[in-house]
Protein chains: 2
Amino acid sequence: MDEVPGSLGTSAGFALRLGQTVFSSASLLFMSLGVEFYSYTAFCFLVTIMGLVIPWSFTLALVDGYSVLVKCPPRQPGILLTVVVGDWVLSFLTLAAACSTTSVVDILLKANNRSFCPPKLCTRYQVAAVMAFLSWFLSVASSLFNLWLLPSL
Amino acid sequence: MDEVPGSLGTSAGFALRLGQTVFSSASLLFMSLGVEFYSYTAFCFLVTIMGLVIPWSFTLALVDGYSVLVKCPPRQPGILLTVVVGDWVLSFLTLAAACSTTSVVDILLKANNRSFCPPKLCTRYQVAAVMAFLSWFLSVASSLFNLWLLPSL
């Protein structure tokens, strides 16, 4: 059985999942703590999607960590296909949320003479969008590594 | 050699490419004709991406049409890999542009008491965003069909 680094049940895969969890949690925290995010649809969308990504990545991080410890990576095609499709859908949703947030922040920054967006809040929105993009990037990487492994099963 | 309907060089693939060309052209036209789209970054992004998608889809539609006529689909792994990667990158970019446009239109609609967005213009922006989403959907379909064919070569 050949190992693809970064796929399900490897230590690189564990690192990818951990990075996704950290970045999406950071995005959620920066967006939601003390900020009235619910006044814009795009921000609510980002919070919803991050609320989906965090449990997904955290669960798979636990699976990866356990597989590394017992040295027995899960190699059932059904499980792997589920993981690939889930990663896939979530990566599209994360990209959509990150792009929406970015363009809303851009609009708010341009209209700052109307005091839509105090500088401190806008910086937090921007950081949340950047974190969401990083989470998307790691999610696509996970998905590609698992997809690469799939035909060899 | 097995045929995957919708992959490169089949009549279903030709229909997919034609749909992509039509939808992305419609999106470009609705966004750019008589509209001051360059005042928002997201709209400029959409126009740029549609300007990339149209020649790509049109070229591949020509290739598909020619292959169907001469009954000899291109089956070199290198060509197919290039097409899959190109479809992939363009579908991500199309999704990003469509989401950005949608959220900007949403913001403009909410602020319509400030007359940012006359109803006629806003409808055109919305139609452009919907066309971009349809083009993205067909692009993902093309990419998946070609990816499905790739390991069998």
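A cavity is a set of points, on a 1 Å grid over the protein atoms alone, where a 1.4 Å probe fits but cannot get out. The structure, a predicted model, holds 1 cavity of 30 Å³ or more. Local features need pLDDT of at least 70 and side-chain atom pairs count only at pLDDT 80 or more, while totals for chains, interfaces and linings use all residues. Residues are numbered from 1 along each chain, chains are lettered from A in the order in which they are written, and side-chain values use heavy atoms, without hydrogens and water.

**Cavity**

**Interface of chains A and B**
- Contact, meaning heavy atoms within 4.5 Å, joins 20 residues of chain B with 20 residues of chain A.
- The buried area (accessible area, 1.4 Å probe, lost on being put together, summed over both parts) is about 1,800 Å², of which carbon and sulfur atoms give 75%.
- In chain B, W88(B), F92(B) and I107(B) lose the most area to chain A, together 29% of what that side buries.
- Between the chains, the count of salt bridges (a side-chain nitrogen of Lys or Arg within 4 Å of a carboxyl oxygen of Asp or Glu) is 0.
- Helix 3 of chain B gives the most to the side of chain B that touches chain A, with 11 residues.

Definitions and conventions: On a 1 Å grid over the protein atoms alone, a cavity is a set of points where a 1.4 Å probe fits but cannot get out, and a pocket is an open set with protein on both sides within 12 Å along at least five of seven lines; lining residues have an atom within 4 Å of a point. Grid points are joined across faces, edges and corners, and a volume is the space filled by probe spheres set on the points. Buried area is the accessible area (1.4 Å probe) that two parts lose on being put together, summed over both. Helices (H or I, at least four residues) and strands (E, at least two) are DSSP runs, numbered from the N terminus.
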